[in-house]
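The stops below go from one selection to the next.

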Amino acid sequence: DDYRAALDRAVAAGRSAPNHKRTEAFTFKRLLGPSESTARLAEIAYQVQLNKGRRDGATAEENEVVTAAERKREKWSQVPAFLVALVSEALGPSLSTTLGNEYEPLPFRPPSTERELEDYAAACAATQNILLSLHAENLATKWATGPVIRTPAFRELVRAESGDRVV
């Protein structure tokens, strides 16, 4: 459980990141495992990989697609903690429109205003502070983006508001 205290210190370092006009537009959500939340996240990763494999690999064997998805779920199941950075973009259009499948990534929408860009940059600076803090404590980290974080299922899991962007 030493990593939990290190995570607390890392979040404190993240909160000290510079941000324009002291808006502090970012928040952090923790998923500590093993738990229902981390099991759900591993399942989301599995489902996203399964959908991707089926969509991209029309010529691939179904068992290859399933095996790749199972490897993804197993890999994500081994991670003891996830820290999710969110930046509030309440002024922009909703980012939580469902396309009908909770495991299909929502379309990417880059920051569209100067304020959104500044707040996103501040969230990235906070994330960098967190990674450096954890590295200083000899804990492995990974900054992950990709289709999982853009799915309605993931957004629901981390309780992202409709105007929140996952960093």
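Helices (H or I, at least four residues) and strands (E, at least two) are DSSP runs, numbered from the N terminus. This is a predicted model, in which local features need pLDDT of at least 70 and side-chain atom pairs count only at pLDDT 80 or more, while totals for chains, interfaces and linings use all residues. Residues are numbered from 1 along each chain as its sequence is written, and side-chain values use heavy atoms, with hydrogens and water left out.

Start with helix α2, residues 36-56, and select Thr-38 in it. Is Thr-38 buried or exposed? Thr-38 counts as buried because its relative accessibility is 7%; buried means under 20% relative accessible area, exposed over 50%, and partly exposed in between (1.4 Å probe, protein chains only). Leaving aside residues up to four places away in sequence, Thr-38 touches Leu-31, Leu-32, Gly-33 and Phe-82, where contact means heavy atoms within 4.5 Å.

Next, show the strands. An open sheet is formed by 3 strands in the order β1-β2-β3, with antiparallel pairing; two strands pair if DSSP finds at least two bridges between them. At the edges are β1 (26-32) and β3 (164-166), each of which pairs on one side only. From one strand to the next, the twist averages 30°. Select β2, residues 81-88: 7 bridges join this strand to β1. Within that pairing, Lys-29 stands opposite Val-84 in β2.

Now select residues 114-136, helix α4, which lies across β1, β2 and β3 and runs at about 160° to β2. Axes here are lines fitted to C-alpha atoms, for helices over the stretch in contact, and angles run from 0 to 180 degrees between N-to-C directions.

The next stop is the aromatic rings. Rings of Phe, Tyr and Trp (its six-membered ring) pair if their centres lie within 6.5 Å; planes under 30 degrees apart count as stacked, over 60 as edge-to-face and the rest as tilted. The count comes to 2 aromatic pairs. Phe-26 and Phe-28 make a tilted pair, 5.8 Å centre to centre with 55° between the planes. Trp-76 and Phe-82 are stacked, because their ring centres are 5.9 Å apart and their planes at 25°. Both Trp-76 and Phe-82 are buried.
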